[in-house]
Amino acid sequence: MHVAVAIVGFRNTDDIIRCLEALAASDHRDFEVVICENGGPEAYDRLIGAIPAALAGGQPVRAVLAPGNLGFAGGVNVCLKETPDADAWWILNPDTAPPPRAMAALVEKLEGGNRDAVGGPLYLGNGTVQSYGGVWQGWAARAVSIGHGGSQSAPIDAGAIERRQNYLNGASMLVGRRFLEKAGLMREDYFLYCEEVEWCLRAQTLGLRLGFAPEAVVLHYQGTTTGAGGRVADRSRISVYLGERNKMLLTRDRYPARLPVAFAATLVLIASRYGRARAWKQMGHALAGAWAGLLNRRGPPPA
């Protein structure tokens with residue numbers, strides 16, 4: 001199976017180089033890498049001056065300059081369109097370091113049949129679980145990461161995760177050709193956050209199935225470009241605003257009848273989360289984002 005590894009960058013060449021070094025050791029050898037640089041011509045020039053034309057195993061690496069900042073979904077879509085002959089596409093964050101077994105485990109699960117997209121365990125640098133997959137709670141407009149905060153050494157019940165999850169984490173997800181042909185591309189009007197959740201929910205309404213590969217472990221240095229990692233009070237305006245806005249957009253797009261209840265639940269969750277942390281500035285960004293989503297405002301965030 002020929003895999004196209006799709007990476008979206010934004011002025012983070014060092015992250016991408018680290019990710020490429022990890023990919024070079026991959027046990028699965030039949031792949032190529034395409035990087036969409038969203039950060040403008042100067043960032044693109046730095047990137048192409050730093051990355052190799054091919055990895056040590058001969059796998060080609062190339063970068064594409066986006067015509068402006070397209071956001072995560074737009075950058076992923078560029079990568080998908082640039083590699084139409086691939087058998088599967090591994091959407092991989094640049095701030096990740098997959099060990100050698102990860103890609104092979106995803107491919108084996110996808111090739112095993114009856115699965116159209118596959119995820120695996122994501123771990124943070126402190127050894128805790130970021131996500132084994134996720135559950136979207138429609139009435140609360142809330143994404144819940146399965147296993148979040150647990151120990152990396154804890155046993156994994158792969159079957160239970162597959163039965164429970166209804167979306168895959170966009171930092172590492174392998175989608176097959178059938179998934180792409182039936183579900184189509186990611187929604188670019190989300191710009192950043194929740195686009196993989198909407199993609200997976202949309203795919204499942206079309207009869208497509210999600211899988212979980214427990215050996216497809218990936219280390220994620222979370223939030224290096226968006227400011228989404230770390231303490232609540234340190235989160236950037238764009239990550240808070242878009243995170244809340246896009247929960248409302250996803251609800252509007254997938255479960256429109258639930259929007260009034262979901263908006264009310266979101267206000268309660270915002271007050272609880274940011275109030276507890278005394279993150280008043282972030283609370284303001286969150287409320288602005290939720291209101292923008294309720295009003296159906298889409299695309300890049302306001303300057």
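Okay, a quick word before we start: when I say contact, I mean heavy atoms within 4.5 Å. And keep in mind that this is a predicted model.

So, let's start with α3. This helix runs over residues 71-82, which gives it 12 residues. From its first C-alpha to its last it reaches 17 Å, close to the 16 Å expected at 1.5 Å a residue.

Now, how many of the residues of α3 are buried? It's 10 of the 12, so the helix is mostly covered, given that buried means under 20% relative accessible area. If you want to find them on the screen, G71, F72, A73, G74 and G75 are buried, and then V76, N77, V78, C79 and L80 are buried as well.

And what covers those buried residues? The cover includes four strands that you can pick out, β1 (3-9), β2 (31-37), β3 (61-65) and β4 (88-92). It also includes two helices, α6 (177-183) and α7 (195-205).

Staying with α6 and α7 for a moment, have a look at the loop between them, where C194 lies. Phi of C194 is near 75°, a positive value, and this residue is not a glycine. C194 is buried too, because its relative accessible area is 11% and the cut-off is under 20%.

There's another positive phi to show you, at N296, in the segment after α10 (280-294). Here phi is about 65°, and again the residue is not a glycine. Is N296 buried or partly exposed? With a relative accessible area of 34%, N296 is partly exposed.

That's what I had, so over to you.

Notes
Residues numbered from 1 in each chain as written. Predicted model: local features only at pLDDT ≥ 70, side-chain atom pairs only at ≥ 80, totals over all residues. Heavy atoms only, no water. Expected span 1.5 Å × (residues − 1). Buried < 20%, exposed > 50% of the residue type's maximum accessible area, 1.4 Å probe, protein only.
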